[in-house]
Amino acid sequence: MSNEAPTTLILGGTGRTGSRLTGTLARRGIATRTAARSGADVRFDWDDPATHPDALVGVDRLYLVTPALRVAYAEQVAGFLDLAETVGVRHVTFLSTYNADRTPRGIDIAAVEADLAARQAVTHSVLRPAWVMQNFGDHHLPVLDRVITAPSGGGAEAFVDAEDIAAVAAETLVDPDAHAGARYTLTGPQALTFGEVAEIIASVSGRPVVYHDIDPEAWISGAVAAGVPGDYAVMLRWLTGTIIAGNGSVPTDDIEKVTGRTPVTFRQFAERNAQTWSVEAK
Ligand SMILES: NC(=O)c1ccc[n+]([C@@H]2O[C@H](COP(=O)([O-])OP(=O)(O)OC[C@H]3O[C@@H](n4cnc5c(N)ncnc54)[C@H](OP(=O)(O)O)[C@@H]3O)[C@@H](O)[C@H]2O)c1
């Protein structure tokens with residue numbers, strides 16, 4: 001039997017929220033283990049169950065990020081949660097998504113939420129974030145030749161900073177009892193159109209950046225041609241269709257309720273990352 005302090009396992013530990021969560025938990029004195037296929041503390045591959053037991057050694061809390069760019073994973077996640085329960089995990093914080101209870105058939109986000117709710121041996125918290133601001137700083141929604149291209153039909157979204165998601169996740173993992181059964185809807189403080197996002201990026205980077213609306217099917221075909229799995233098209237169609245229909249996320253106060261801090265605005269995020277686009281938009 002080990003005398004080491006229980007550890008929090010962070011799946012997606014090199015990703016946008018997981019990497020930030022690790023630092024925050026470490027500052028709060030919580031032992032962490034990041035997990036990913038490469039570059040993390042432990043090698044963990046959803047598709048290689050042989051990597052799962054080692055990742056879970058000494059773990060009592062789990063940050064659950066489901067397999068990337070997939071829609072059908074409920075059984076795989078259930079099997080992993082069964083193992084996690086067996087080895088002593090007692091709390092799971094699940095990175096879900098905004099409107100998870102309205103996902104179309106075939107997307108397993110709601111199924112994972114339901115699985116967690118049905119488990120007796122673990123408590124859980126669910127984080128349902130809006131579109132992440134970081135999408136505009138990486139390959140998801142890049143500024144290419146001074147243009148952001150995405151389908152939105154002029155609809156707005158309350159983009160949220162991954163730092164704020166990680167901050168809420170940290171609170172749930174530091175004090176699971178206080179957040180057991182909670183569902184937090186995480187958004188930025190304002191709903192912005194993609195045109196407004198382009199204006200902010202242009203203003204902080206000092207370079208012209210414009211927004212180009214595009215037919216959603218053309219955009220999805222382009223994503224699939226660029227390597228996004230074809231199965232994932234249903235997710236992209238749902239996410240963009242929601243914004244086009246005018247049902248994008250609206251601001252909530254859950255981040256402030258949980259962390260005591262107001263969520264980061266898009267302008268603050270953009271100022272922090274201005275360098276990204278100063279180079280991109282040349
Ligand atoms: N983007 C958005 O706007 C948005 C909004 C709401 C919710 N979400 C949800 O956020 C989740 C993504 O979280 P994130 O943004 O923090 O991460 P992320 O930046 O997308 O990174 C994905 C992480 O998962 C790991 N990973 C990918 N495939 C894996 C596999 N087969 N086995 C094990 N690990 C794997 C990656 O590392 P390796 O590649 O090295 O394995 C990386 O650490 C998704 O479930 C998405 O639905 C995203």
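Residues are numbered from 1 along each chain as its sequence is written. In this predicted model, local features require pLDDT of at least 70 and side-chain atom pairs count only at pLDDT 80 or more, whereas totals for chains, interfaces and linings use all residues.

The chain contains 11 helices and 12 strands, where helices (H or I, at least four residues) and strands (E, at least two) are DSSP runs numbered from the N terminus. Its radius of gyration is 19 Å, close to the 19 Å that the globule rule gives for 282 residues, so the chain is as compact as a globular protein of that length. The radius is taken over C-alpha atoms, and the rule is 2.2 Å times the number of residues to the power 0.38. The C-alpha trace spans about 60 × 35 × 30 Å along its principal axes. Of the 282 residues, 41% are buried; a residue is buried if 20 or more other C-beta atoms lie within 10 Å of its own, exposed if 12 or fewer, and partly exposed in between, with C-beta atoms placed from the backbone. Among contacts between residues at least 6 apart in sequence, 79% join residues at least 24 apart, a contact being two C-beta atoms, placed from the backbone, within 7 Å.

The largest nonpolar core comprises 69 residues, and those with the most contacts inside it are Y63, L127, F159, V168, A169 and I201. Helix α5 (residues 162-174) contributes the largest share of this core, eight residues. Such a core is a set of buried Ala, Val, Leu, Ile, Met, Phe, Trp, Tyr and Cys residues joined through C-beta atoms within 7 Å. Beyond its neighbours within four places in sequence, Y63 is in contact with T8, I10, L11, G18, L21, T93, A169 and L173.

In helix α1 (residues 18-27), the residues G18, R20, L21, T22 and L25 are buried. The elements covering the buried residues of α1 include β1 (7-11), β2 (31-36), β4 (59-64) and α5. After α1 comes G29, with a positive phi near 80 degrees.

An open sheet of mixed pairing is formed by three strands in the order β7-β8-β12. Its edge strands, β7 (143-144) and β12 (210-213), each pair on one side only. Strands are taken to pair if DSSP finds at least two bridges between them. The pairing of β8 (residues 147-150) with β12 is parallel and runs over four bridges; I148 has Y211 of β12 as its bridge partner.

The ligand is surrounded by 26 residues, of which the closest are G12, G15, T17, A36 and R37; the criterion is a C-beta atom, placed from the backbone, within 6 Å of the molecule.

R70 lies in the loop between β4 and α3 (74-87) and is partly exposed, with 16 other C-beta atoms within 10 Å. Residues up to four places away in sequence aside, R70 touches D231 and Y232. The C-alpha atoms of R70 and I107, 37 residues apart along the chain, are separated by 8.3 Å. G248, in the loop between α8 (233-244) and α9 (254-259), counts as buried because it has 24 C-beta neighbours inside 10 Å. With residues up to four places away in sequence not counted, G248 touches G155, A156, E157, A191, T242 and I243.
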